[in-house]
Amino acid sequence: MHFPAGFLWGASTASFQIEGATKEDGRGQSIWDTFAATPGKVFNGDGGDPATDHYHRYREDIELMSSMGIGAYRFSIAWPRIQPDGKGRINQAGLDFYDRLVDELLKAGIEPWPTLYHWDLPQRLEDDGGWPNRDTAHRFAEYAAVVHGALGDRISDWATLNEPWCAAFLGYAQGVHAPGRTDPAASLAAVHHLLLGHGMAATAMRDQAGRFDRPLRVGLVHNQTVLRPHSDSEADLDAARRIDGLRNRIFTEPLLRGRYPEDIRTDLARVSDFGFVRDGDLAAISVPLDMLGINFYSPQRVAGGAEGIDPALIEPGEGEVWTGAEDVVFVDQGMPRTAMGWEIDATGLTEVLTRLAADYPGVPLYVTENGAAFDDEVAADGRVHDSQRVAYLDAHLRAAHQAVEEGVPLKGYFAWSLLDNFEWAFGYSKRFGLVHVDYGTQKRTVKDSGHWYSGVARSGSLPDRH
């Protein structure tokens, strides 16, 4: 089962999850530093230091990627390393770290794929109002121009934001991610200003791209998923429509069609009048995308209410995330689950990719995150035998290949994650890595899944199933 020539094989990480060194070399405080230091917010009181100490061990990690045949590394840049207050003064030591990182990647023949924002907003900007505050979008565009100005001579492929759904709704509506606020109206303003920041940043980068003798490709990373109705009842079909609007279309429609869906605005009228949308905003947001990154983990099933559903099948706590749709319930589909409790159904990835290609034709797509957490341990033979992760990756890559066969312009795949790391509110209790990290010693061990993925990346094809 071969993928097209030139298909890109990569692995992904995020700055706060791996770098550590949160107080070194002039780095400022982020909202995740504050959140993790707040009792009860993160499992076991874990924080972002030392994480996997990538700040000091990046050369070792690049050598690992090179040995695994990984062709591209998707990492994120910590805004507080570049601008400790999120505005104004530039911290040269922070830029120097990413300068060294990029040079080492290129020396190893690995393409750098930076993401400018993976949730570590400088705390000073949150103190000023955070993403619900329009000014944050302007500050983000300035920051993007600074980073691109320093690294754009060597990097062509850039993502502005990672999963704005999580930043807006988990951070400002449900409060389980930093900054931990529970204000539904603010979460919708955050959605808009995140998208506005993306558009302004893309424009700022393109405005200065002529300085560099290389192409510039700018995209955004979105965690699109499939929302399946529990039944064909009117209530369940409407629940799927509403949650699809809040998870998918509230992002893709402004980005790719320059509008917010009218049905979603109607659904949310009791929460917000969308007064934060100003003249020219949607044009700024919908600047052309050179690519769209898709993070996919699991599809979900929804119902318009709990009546008639076995209570044991209802997912607890899900409704709190969904601004304006708190009555919708999420229903167990009866699939196997990862250690995160996420159901495993690779057909959802094919559905996501084919839908995007049909709804928004002509946009190159990349799977920028896909992976699974399991309870990995180093065995007596010194290896990590994570056969469940191998099966997960194999199934999802077959689903991606099916999408390619159906004509989807899928250009690459990035496994999540290169390394075991700090898994946000779950601390260090969940392991997603292709590489096992002993957090006490920082020893790296390539798991069986890492060796398997190495074979796929080198050959560009999937092995036969036995």
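Predicted model: local features only at pLDDT ≥ 70, side-chain atom pairs only at ≥ 80, totals over all residues.
**Strands, a bent helix and a buried loop residue**

Ala11 has Ala415 of strand 11 as its bridge partner. Residues are counted from 1 along each chain as its sequence is written, and side-chain values rest on heavy atoms, without hydrogens and water. Helices (H or I, at least four residues) and strands (E, at least two) are DSSP runs numbered from the N terminus.

Two strands are said to pair if DSSP finds at least two bridges between them. Strand 1 also pairs with strand 2, again in the parallel sense, over three bridges; here Ser12 stands opposite Arg74.

How many of the five residues of strand 1 are buried? Five of the five are, where buried means under 20% relative accessible area, exposed over 50% and partly exposed in between, with a 1.4 Å probe and protein chains only. In a regular strand the side chains alternate between the two faces of the sheet. In strand 1, Leu8, Gly10 and Ser12 lie on one side and Trp9 and Ala11 on the other, and both faces are covered.

From strand 2 (residues 72–76) the pairing continues to strand 3, in the parallel sense and over five bridges. Ala72 has Glu111 of strand 3 as its bridge partner. Strand 3 (residues 111–117) is largely enclosed by the rest of the structure, because six of its seven residues are buried. Strand 3 is joined in turn to strand 4 (residues 157–162) by two bridges, and these strands run parallel. One of the bridges has Tyr117 with Leu161 of strand 4 as its partner.

Strand 6 and strand 8 (residues 300–303) pair in the parallel sense over three bridges, and Pro229 stands opposite Val302 in strand 8.

Axes are lines fitted to C-alpha atoms, for helices over the stretch in contact (heavy atoms within 4.5 Å), and angles run from 0 to 180 degrees between N-to-C directions.

Helix 10 (residues 234–257) spans only 28 Å between its end C-alpha atoms, whereas a straight helix of 24 residues would span 34 Å at 1.5 Å a residue. The expected span is 1.5 Å times one less than the number of residues. At Arg249 the helix bends by about 55°, the angle between axes fitted to the seven residues ending there and the seven starting there. Gly258 follows helix 10 and has a positive phi, near 65°.

Asp46 lies in the loop between helix 2 (31–36) and helix 3 (54–67). Why does Asp46 count as buried? Asp46 does so because its relative accessibility is 13%. Leaving aside residues up to four places away in sequence, Asp46 touches Ala36, Phe422, Gly427 and Tyr428. The C-alpha atoms of Asp46 and Ala425 are separated by 8.5 Å, although the two residues are 379 residues apart along the chain.
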